[in-house]
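The following briefing is organised by topic for use alongside the sequence and the coordinates. Which features of the fold, the side-chain contacts and the surface can be stated from the model?

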Amino acid sequence: MNRPNVHLLDLPNEMLFNILKKLDNVDVLHSLFGINNERLDSISREEIFSYTLNFTSNVHDTTIIDSMLGRFCNYILPRIHYNVKCLIVEAVSMERILLATPYPNLTELKIFNFQRDSSLHYFTGN
């Protein structure tokens with residue numbers, strides 16, 4: 001290729017899928033879902049990016065986490081909830097994510113940083 005200015009959108013869909021499959025699904029959805037580009041938005045809506053969503057984060061800035069969770073809970077999850085089969089969440093964000101929308105196909109829930117005493121009420125009805 002001798003073209004000096006090759007852009008992401010110049011790539012065929014198969015190459016975009018291969019690149020995006022190497023990224024975290026939450027990052028793909030957060031970055032591409034609902035943007036003002038029909039092609040990238042369509043790709044981000046593919047089921048492969050919403051089967052398993054891992055909301056555990058290495059980011060320690062709570063402002064970024066709250067902003068990202070807000071976008072997911074208010075905009076993204078209600079539109080892809082039927083594709084979600086597995087959620088990986090931290091205990092502190094579990095309630096917000098689970099109450100964002102029903103998950104009719106959810107078969108697996110993984111909870112990290114679970115504190116027995118403070119989180120037990122979710123499973124006992126207390």
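Two strands are taken as paired if DSSP finds at least two bridges between them. In E3, Leu109 is the bridge partner of Leu87. The model is a predicted one, and its protein chain has seven helices and three strands.

**Fold and strand pairing**

- Read from the N terminus, the elements of the protein chain follow the order α-α-α-β-α-β-α-β-α-α.
- Strand E2, residues 86-90, pairs with strand E3, residues 108-112, in the parallel sense, and the pairing comprises five bridges.
- Between E2 and E3 the chain passes through helix H5, residues 91-98, and this β-α-β crossover is right-handed.
- In a regular strand, side chains alternate between the two faces of the sheet.

**Burial**

- The protein chain has 126 residues, of which 31% count as buried.
- Val28 belongs to helix H2, which spans residues 25-32.
- Val28 counts as buried because its relative accessibility is 2%, under the 20% cut-off.
- Thr56 lies in the loop between strand E1 (52-54) and helix H4 (62-80).
- With a relative accessible area of 29%, Thr56 is partly exposed, since this class covers values between the 20% limit for buried and the 50% limit for exposed.

**Contacts between residues separated in sequence**

- Val28 and Ser50 are separated by 22 residues in sequence, and their C-alpha atoms are 9.6 Å apart in space.
- For Thr56 and Ile88, the separation is 32 residues in sequence and 6.7 Å in space, C-alpha to C-alpha.

**Salt bridges**

- How many salt bridges does the count come to? The total is two salt bridges.
- One of them joins the side chains of Asp41 and Arg45, with an N to O distance of 2.9 Å.
- This pair qualifies because a side-chain nitrogen of Arg need only be within 4 Å of a carboxyl oxygen of Asp.
- Asp41 is buried at 13% relative accessibility, whereas Arg45 is partly exposed at 37%.
- A salt bridge also links Lys110 and Glu108, whose closest N and O atoms are 3.5 Å apart.
- Lys110 is partly exposed, at 35% relative accessibility, and Glu108 is partly exposed as well, with a relative accessible area of 36%.

**Cysteines**

- A disulfide is a covalent bond between the sulfur atoms of two cysteines.
- Cys73 is buried, having a relative accessible area of 8%.
- Cys86 also counts as buried, at 6% relative accessibility.

**Nonpolar surface**

- Which residues make the nonpolar surface patch of about 250 Å²? The patch is made by Leu8, Leu9 and Ile19.
- Leu9 is located in the segment before helix H1 (13-21).
- Leu9 counts as partly exposed at 37% relative accessibility, and it can therefore meet the patch requirement of over 30% relative accessible area.

Conventions. Residues are numbered from 1 along each chain as its sequence is written. This is a predicted model: local features need pLDDT of at least 70, side-chain atom pairs count only at pLDDT 80 or more; totals for chains, interfaces and linings use all residues. Side-chain values use heavy atoms; hydrogens and water are left out. Helices (H or I, at least four residues) and strands (E, at least two) are DSSP runs, numbered from the N terminus. A crossover is right-handed if, with the strands pointing away from the viewer, the path from the first strand over the helix to the second runs clockwise. Buried means under 20% relative accessible area, exposed over 50%, partly exposed in between (1.4 Å probe, protein chains only). Patches are made of residues with over 30% relative accessible area and no salt bridge: like charges are joined within 9 Å, nonpolar side chains (Val, Leu, Ile, Met, Phe, Trp, Tyr) within 5 Å. Accessible areas come from the Shrake-Rupley method with a 1.4 Å probe; for residues, only the protein chains shown count as cover.
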